[in-house]
Amino acid sequence: MTTTTFALYAPAAAPFFAALLALVLPWRPAAWAGMLAALSILASGVVLAVWVSADGALSAGPLRADALTVWMLLVIGAVAAIAAAATISYLRHETTTATRRATRRYLVLAQLFVACMSLAVLANNLGLLWVAVEATTIVTAFLVGHKRDRPSIEAAWKYVVLCSVGIAIAFLGTVCVYAASVAAGGHGITALDWTHLTATASSLNPDLIRLAAGLILLGFGTKAGLAPMHSWLPDAHSQAPAPVSALMSGVLLSVAMYAILRYRTITDTAIGPGYTRTLLLIAGLASLAVAAVLLIAQRDYKRLLAYSSIEHMGLVALGVAIGTKLAIAAALLHILGHGLAKAAAFAGAGQILRLTGSSHIDAIRGLTARAPALAGTYGIGVIALLGLPPFSLFASELGLARAGVTAGYGWAIAAAFTLILLAFIAIARHTTAMILGAPVPNPSPQSMTPDRVTTVMPLILALAVTAAIGITLGPLHHVLDAATAIAGGR
């Protein structure tokens, strides 16, 4: 096995082997194996970034890595590491009530989830990409219903039904692309290879590609949490264990957007950018509107974070719709910043739930007095999600605004940022009350558990990285430029 092959297969193989270890090891070493798998993905992303910068795209069998793949691997590795750290803390308390079998099932499924997402971004074949995304639906359905109470099971079924419909629609879109590719001279399964499709995109049947583009955007848009197929997201993210919510919000939604980006480079060449731009503008603005309205009356802080994810995916869709180099770069930077900040916020929310025993906003008051380190970390995570400086979401939103106005979409930017302002006010109001409000009289015994600074250290590190990226991209600048070019930034 060559070093190139090893580096390409490692991001999917490492969490897969961690899942196998979870079948035989006690939960603590199995959880630490998950942490090592996440760090392996991150390390593979760094190594591939160096090699891709020097040699261009690398391939081995059905897997391929270019700068866009590398960017997504860095997101997956970073968020998976945060989720793995949160898993250790989560299971430390969960194992007192959960059975050993449930704990083992959780660890196995969580690692398979990470492996599927890594495989999705490494796949050169769009059929394999679809299979990997579909596999995430199967795996995460059991993770959403991990608690096995009525709300979590209902959320899991809702997630399965809606996302299965969405992924079936994406399958029909993939079939249309395959038919167009075969008609243009493609052969066998290689007709769906991304390299082949990009080389022959101008000769693809425009009618088939137009149909495929609509189906792909609707199908993968469902997995990305875009309106109108977004309703699974708040229930699933609020009922799943906090580390799983971090992975779903911080990575799964972004992987679905990655799929849309891959297809967009083909469809824009075949039929022009106008069709997909219109659909993405509608989906992006609709998602922002849904999130802004529902955030105002939200009463559950995990659902608050879930609706925030819909808002941020709407912004990413808006950047992809505008399609200029600056807009695509801003969208990719937004994916990274949102992944880090949302993972930290969801992990913090899980700690709050453990300490207080409630996910209701009204039940959490004066958190700073009871758990200052946790309150500060959660509050800073929310500040990062609100897009305030120096965090990277401020830079990406500013870049998106500049790109939209320059490209002649000032009306869309004005509408989007009006809705963002409404969401900002709602999130800030709820979070301020939780952290700085008057303490709840006679708190439950759980809320008096001593605040452990060690449990929030990984979250502090993640937020520090987010702030650093907001100030300077450093070596990531070259990777972002190359990824933007591959994603079709004009």
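How many aromatic pairs does a search of the whole structure find? The search finds 5, where rings of Phe, Tyr and Trp (its six-membered ring) pair if their centres lie within 6.5 Å, and planes under 30 degrees apart count as stacked, over 60 as edge-to-face and the rest as tilted.

Please note that this is a predicted model: local features need pLDDT of at least 70, side-chain atom pairs count only at pLDDT 80 or more, and totals for chains, interfaces and linings use all residues. Residues are numbered from 1 along each chain as its sequence is written, and side-chain values use heavy atoms, with hydrogens and water left out.

One of the pairs joins Tyr 159 and Trp 232, tilted at 55 degrees between the planes and 5.1 Å centre to centre. Tyr 159 belongs to helix α6 (residues 150-183) and Trp 232 to helix α9 (residues 232-239), 73 residues apart; helices are DSSP runs of H or I, at least four residues, and strands are runs of E, at least two, numbered from the N terminus. Tyr 159 and Trp 232 are both buried, that is, under 20% relative accessible area with a 1.4 Å probe, protein chains only.

Another pair is formed by Phe 220 and Tyr 263; their ring centres are 6.1 Å apart and their planes at 35 degrees, so this pair is tilted too. Phe 220 and Tyr 263 are each buried.

Turning to the whole chain, the protein has 19 helices and 2 strands. Of its 490 residues, 61% count as buried. The C-alpha trace spans about 70 × 55 × 45 Å along its principal axes.

Definitions and conventions. Buried means under 20% relative accessible area, exposed over 50%, partly exposed in between (1.4 Å probe, protein chains only).
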